[in-house]
Amino acid sequence: MKKYLLLLFIILMISCNKTEKNENIDFFQSVDLGAYGSKTRLIIYANFDECGEWGGHEETFEIFSKKDEQFYAKYTRTKVDCNKIGALYGKPEFQQPYVKKEIKLENKQKIAINEYLLSLVESKINEVYPGHAGQNFGVIKTDTTLVIDVYDNNEKNQENYNKLLNEFQLETVKYE
């Protein structure tokens, strides 16, 4: 009987430790990203190049906190028609909002954001300038205390970005 009680106790201890680890995720402070009126936001962005040197569609995640001290992401994706570049380039019709949604962040999404930020730092270290047609991935904290901008043709950047999209259950971008 003592063996069973000891086994039960060990299982409970292991379970409690796992729960605590999942709840203590390193992430930004809610106060710092808007919980009490701050206008500071964390912006994760991606600019694609499906229209060559003219660019392509853009995607952004605006990460912020509300008064409830929970984190949210406002996701926006634009669409482009590369066949209309000559007539419309630079006009609002070239890029129009296509998807807009607000998502309350769960722990798995906070972890995905942290992992994505780490991958951006690594990509920045290995960045190779692509000329006039490349993809741009980055993050900026609007108070400018954090700025990472990667502009290159490395497929790994898009793979990392697609992992982030998967955690938000959003449609991934196909690399061409």
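This note covers the nonpolar core, the aromatic pairs and a few individual residues of a predicted model.

1. The core. The largest nonpolar core has 29 residues. Those with the most contacts inside it are Phe61, Ile63, Ile113, Tyr161, Leu164 and Phe168. As background, nonpolar side chains in soluble globular proteins tend to be buried together.

2. Where the core residues come from. At least two residues of this core are supplied by each of strand 1 (42-47), strand 2 (58-65), strand 3 (71-79), strand 5 (135-141) and strand 6 (147-152), and likewise by helix 3 (107-125) and helix 4 (155-167). Helix 3 gives the most, with five residues.

3. Phe168. With neighbours within four places in sequence left aside, Phe168 is in contact with Phe61, Ala73, Ile103, Leu105, Gln109 and Ile113. Of these partners, Phe61 and Ile113 are, like Phe168 itself, among the residues with the most contacts inside the core.

4. Asn160. This residue is in helix 4. Asn160 has 12% relative accessibility and therefore counts as buried, the cut-off being under 20%. Not counting residues up to four places away in sequence, Asn160 touches Tyr116 and Ser119.

5. Aromatic pairs. The whole structure contains 11 aromatic pairs. In one of them, Phe48 and Phe137, the ring centres are 5.6 Å apart and the planes are at 85°, so the pair is edge-to-face. Phe48 lies in the loop between strand 1 and strand 2, while Phe137 is in strand 5, so this pair ties together parts that are 89 residues apart in sequence. Both partners are buried: Phe48 has a relative accessible area of 3%, and Phe137 has a relative accessibility of 1%.

6. A stacked pair. The rings of Phe64 and Tyr72 have centres 6.0 Å apart and planes at 25°, so this pair is stacked. Phe64 and Tyr72 are both buried. Tyr72 also has a charge over its ring: the charged end of Lys66 sits there, 4.4 Å from the ring centre.

7. The ring cluster. Which residues do ring pairs link into a cluster? They are Phe48, Phe61, Tyr75, Tyr116, Phe137, Tyr161 and Phe168.

Definitions and conventions. Residues numbered from 1 in each chain as written. Predicted model: local features only at pLDDT ≥ 70, side-chain atom pairs only at ≥ 80, totals over all residues. Heavy atoms only, no water. Core = buried A, V, L, I, M, F, W, Y, C linked by side-chain atoms within 4.5 Å. Buried < 20%, exposed > 50% of the residue type's maximum accessible area, 1.4 Å probe, protein only. Helix = DSSP H or I, 4+ residues; strand = E, 2+ residues; numbered from the N terminus. Contact = heavy atoms within 4.5 Å. Phe/Tyr/Trp six-rings, centres within 6.5 Å; stacked < 30°, edge-to-face > 60°. Lys NZ or Arg CZ within 6 Å of the ring centre and 35° of its normal.
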